[in-house]
Number of protein chains: 2
Amino acid sequence: MTYCIGLQVDSGLVFLSDSRTNAGVDHINTFRKMTVLERSGDRVMVLLSSGNLAISQAVINELKPLDSSLLVDAKNMVEATRVVGDALRKVYSRDAEAFKEFGLDFAASFIFGGQIGQEPPRLFQIYAAGNFIETTRETPYFQVGESKYGKPIIDRVVDPDTSLKDAAKCALISMDSTIRSNLSVGMPLDLLVYEANSLHVKTHVSIGLDDPYYQQLRSSWGDRLRQAFNDMPDPAY
Amino acid sequence: MTYCIGLQVDSGLVFLSDSRTNAGVDHINTFRKMTVLERSGDRVMVLLSSGNLAISQAVINELKPLDSSLLVDAKNMVEATRVVGDALRKVYSRDAEAFKEFGLDFAASFIFGGQIGQEPPRLFQIYAAGNFIETTRETPYFQVGESKYGKPIIDRVVDPDTSLKDAAKCALISMDSTIRSNLSVGMPLDLLVYEANSLHVKTHVSIGLDDPYYQQLRSSWGDRLRQAFNDMPDPAY
């Protein structure tokens with residue numbers, strides 16, 4: 001399993017992915033799920049992948065080398081998203097028949113976002129069929145993979161005028177709730193924060209179990225949640 | 001869909017169920033999912049059902065009339081749980097063939113708990129095959145139906161020495177998080193609180209959208225969660 005989040009706020013974009021993949025509980029590995037294309041001053045794009053690892057790696061291979069791919073020529077983020085969707089369709093046309101033979105689902109889902117030139121930042125979710133949807137002000141985020149445990153906190157906290165720091169904090173709390181509940185989502189995490197109109201990557205860190213901020217967040221979020229719980233009035237029944 | 005929770009703490013049991021059932025988004029109805037057998041001073045049993053509504057209703061019909069069923073003669077809660085499991089197996093033997101013909105899953109899952117005489121209160125989850133598991137001190141609760149959204153708060157708050165009031169509050173918050181995220185879980189709710197060794201039902205209420213405590217909980221939990229979020233330190237990255 002996997003858990004990836006992309007959040008869009010007025011001040012930019014936040015991307016967070018775990019790095020666990022598994023094929024049965026006895027076959028668990030670490031693979032990075034975040035791919036970044038940065039041409040400072042011109043464009044920044046980030047791709048988060050979930051689903052069958054062979055498919056997502058094949059898609060990224062189709063796009064490589066990134067700095068001479070069609071992504072570099074795309075005039076806007078919709079065009080760039082189509083490039084990723086087309087790469088996915090190419091993989092499908094090559095592999096889907098064999099997948100069917102083995103009774104495997106062609107499971108793949110991507111979060112893709114960034115900014116090109118003067119166009120505002122945009123964020124998309126790309127489905128296995130290569131089609132895609134974009135965030136709206138009402139739903140300014142996408143999750144792929146094990147999304148349910150970490151959804152309530154995002155729904156309650158994030159809206160378009162949330163700050164970038166808060167969006168990153170919320171993504172990390174959402175990830176922590178997921179990691180606690182699902183063994184197949186795991187560290188290290190990749191966090192990328194993109195500030196709108198900067199056209200370069202502000203923050204891109206790998207967060208391991210020994211990361212002091214993440215450790216603090218793990219323990220203090222639990223404490224604060226319990227405190228909030230204790231402050232609630234008792235049932236009247 | 002459905003969401004039901006059963007919590008066991010040292011001071012008793014808490015049961016909470018929603019009442020929405022659906023067969024596609026254009027066919028949504030309200031059905032109660034909580035069945036109670038109370039013989040004051042002798043035994044209290046509560047059954048929460050999820051899965052195919054025809055199956056759960058058939059199981060309850062097998063058990064009716066409750067006050068002359070085998071549940072009344074059961075010497076302890078394991079025996080009583082077997083009675084429910086046997087009723088489920090009887091329904092299976094009658095209906096499963098027809099289900100297969102129509103390509104339907106025989107989907108059913110129950111939370112069943114209570115207390116008989118001197119035996120301490122016990123809480124079980126019964127699977128579609130009629131087999132069952134019991135809570136432990138490490139995992140003092142069961143959820144059936146749409147369980148993921150509401151799991152993190154239970155994991156962080158409930159352990160065996162949680163008070164009954166707190167357990168009920170936690171169940172309601174868990175339910176609220178689920179209702180916000182999944183349209184197919186809905187009001188009214190049925191809440192039952194059983195105090196250990198009382199051998200009668202302490203609290204059994206139906207909670208509608210206009211219930212003042214639930215309204216307060218909805219709004220103030222969101223506020224407190226956001227407050228807890230704001231109190232967290234900003235990411236150091």
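Residues are taken as buried when their relative accessible area is under 20%, and by this cut-off strand β2 of chain B, spanning residues 12-17, is mostly covered in the predicted model, with six of its six residues buried.

The pairing of β2(B) involves strands β1(B) and β11(B).

Attention then turns to charged side chains. Side chains of opposite charge can pair when their charged atoms come close. A search of the whole structure finds 38 salt bridges over all chains, among them one between Glu146(A) and Lys148(B), in which the closest N and O atoms are 3.0 Å apart. Glu146(A) lies in the loop between β10 (141-145) and α4 (151-157) of chain A, and Lys148(B) lies in the loop between β10 (141-145) and α4 (151-157) of chain B, so this pair joins two chains. Of the two partners, Glu146(A) is buried, with a relative accessible area of 4%, whereas Lys148(B) is partly exposed, at 27%.

A salt bridge is also formed by the side chains of Lys148(A) and Glu146(B), with an N to O distance of 3.0 Å. Because Lys148(A) is in the loop between β10 and α4 of chain A and Glu146(B) is in the loop between β10 and α4 of chain B, this pair too joins two chains. Lys148(A) is partly exposed, with a relative accessible area of 27%, and Glu146(B) is buried, with a value of 5%.

Within chain B, the side chains of Arg226(B) and Asp223(B) meet in a salt bridge at 3.1 Å, N to O. These residues are three apart in helix α6 (residues 212-231) of chain B, and are therefore separated by about one helical turn. Arg226(B) is partly exposed, with a relative accessible area of 33%, and Asp223(B) is partly exposed, with 46%. In chain A, salt bridges that share partners join Glu62(A), Lys90(A), Arg94(A) and Asp95(A) into one network.

Notes. Residues numbered from 1 in each chain as written. Chains lettered and ligands numbered in written order. Predicted model: local features only at pLDDT ≥ 70, side-chain atom pairs only at ≥ 80, totals over all residues. Heavy atoms only, no water. Salt bridge = Lys/Arg side-chain N within 4 Å of Asp/Glu carboxyl O. Helix = DSSP H or I, 4+ residues; strand = E, 2+ residues; numbered from the N terminus. Buried < 20%, exposed > 50% of the residue type's maximum accessible area, 1.4 Å probe, protein only. Pairing = 2+ DSSP bridges.
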